[in-house]
Amino acid sequence: MLKKPIPLLLLLATVLYAVCSYLQNGLPTQYWDWRHELVLLSGVQLMSVMSAAMLLAARPSWLEKPLNGLDKMYGLHKQLGIAAGLLLACHWLIKLSPKLVMAMEWAAPKLKHGKGAKDPLMSLAKDMGEWAAWAVLAMIILALLRAVPYRLWRKVHKLFAPLYLMGVFHALILMPKSLWFSPVGALMAALLGIGSICAIYSLSGKIGSRKQVSGQISQITALPANQLEVICQMNSTWPEHQAGQFALLNFDPKEGSHPYTIASAPRKSDELRFIIKSLGDYTSTLSSTLKVGQRIKVEGPYGCFDGGKNMQRQAWIAGGIGITPFLAWLESPSFSNAQIDFYYCVKNAAEATRLDEIQAACLAKNIYLHLIESDLGQRLNITQIQPETLADIWYCGPQSLGSAISEHLAQMSRPPRFHHEAFSMR
């Protein structure tokens, strides 16, 4: 997995710009020169992270393995959005800094030589940059506000592509020509070109279209704890997935796609099983709106939560609805006679998802199942699973429990590899 891509991208952009600027202009000696360089540097950094965010939004399949799955890619996309907001704020604060500097008398006023005619193209680029900046900041705030419904956020988020193209125009016109013929110019040309292609791809509605397969709901079963088991019959073009992967399901075009783990291994009948828990406004309506025979679109498969090929001693940990990828693993022919302890954390046995199926599969595969019921006062104690003896820990469940496990492992001198799903898509 590619580690710390944002710092690496920013470091590359910063070093290239600093070297090119120094070779062309030398070291700045006064405030106005420093301001000019910092405005350009923050602009290069800003467009670098925005271009990377635009690339990830296009869901390129060739980046799934290096970034460890689409779920991690969307987590990185969110981080890039936050970084873009911070850099955008810095860019404009540096641009607006002369008022404060002049008021504090920290620098002499800038001398203007003549009053040449304003370039209308440059004026337009400045205006478009300012309009896009305010809109992007508003979008980032909306994305961070969990109170905003997903349906609204999804529609607003589509504006990122045209706003990005406005930023590209701003950069193309205002970046000095001398920099375009330097290494940093080559980097910006590549990033802006890739980002613009992805933005146009997004505006055309083509993102994910090649991986969309139609199907229909063949069976719906109500399960305990407000869960719904949905069996989908896919057409013959569905590619064989790996047990533990997920797909984006579109039950309603107005609502759009949502990610759900495929709770079944590949089946010859081209059936996919999904288990959906009522967790919000949308999922709470599915029990009454989904119908057998209903046409659906499934995009995927995605993700790298596949159990790996390492058959050394490992632990599986599922919390609540996080059982879904493990149901697929237990259904697959893999993991027989592997050294696996499976910890299933539930409120009580009556609310455990398909417990009979899990127990039978664990018995057949010689997997040691530990059912941890919170109603009985039981809690998962990470020290009791002896992580120092494990090669891998695979976890899917609430973020709070995952964070606690990760923090404990971080304190170990030689921790096992920790694999987890990251379904926070916004």
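**View 1. Strands E1 and E6 run side by side in the antiparallel sense**. Here E1 (residues 212–223) and E6 pair over five bridges, where pairing takes at least two DSSP bridges between two strands. One spot to look for is valine 213, whose bridge partner in E6 is valine 298. A quick note on the source: this is a predicted model, with local features needing pLDDT of at least 70 and side-chain atom pairs counting only at pLDDT 80 or more, while totals for chains, interfaces and linings use all residues. Residues are numbered from 1 along each chain as its sequence is written, and side-chain values use heavy atoms, leaving out hydrogens and water.

**View 2. E6 also pairs with strand E3**. E3 (residues 246–250) and E6 are antiparallel too, joined over four bridges. Leucine 248 sits opposite glutamate 299 of E6. As for E6 itself (residues 295–302), six of its eight residues are buried, meaning under 20% relative accessible area with a 1.4 Å probe, protein chains only; exposed is over 50% and partly exposed lies in between. Strands are DSSP E runs of at least two residues and helices are H or I runs of at least four, numbered from the N terminus.

**View 3. Helix H13 has a buried side and an exposed one**. Leu355, Ile358, Ala361, Cys362 and Lys365 are buried in H13 (residues 355–365). Down the helix axis they fall within an arc of 130°, so they line one face; the arc follows directions from the axis to the C-beta atoms. Turned away from that side are the exposed Asp356, Leu363 and Ala364.

**View 4. What covers H13, and what comes just after**. The cover over its buried residues includes helix H12 (324–331) and strands E8 (340–346) and E9 (368–373), with contact meaning heavy atoms within 4.5 Å. Just past H13, asparagine 366 takes a positive phi of about 60°.
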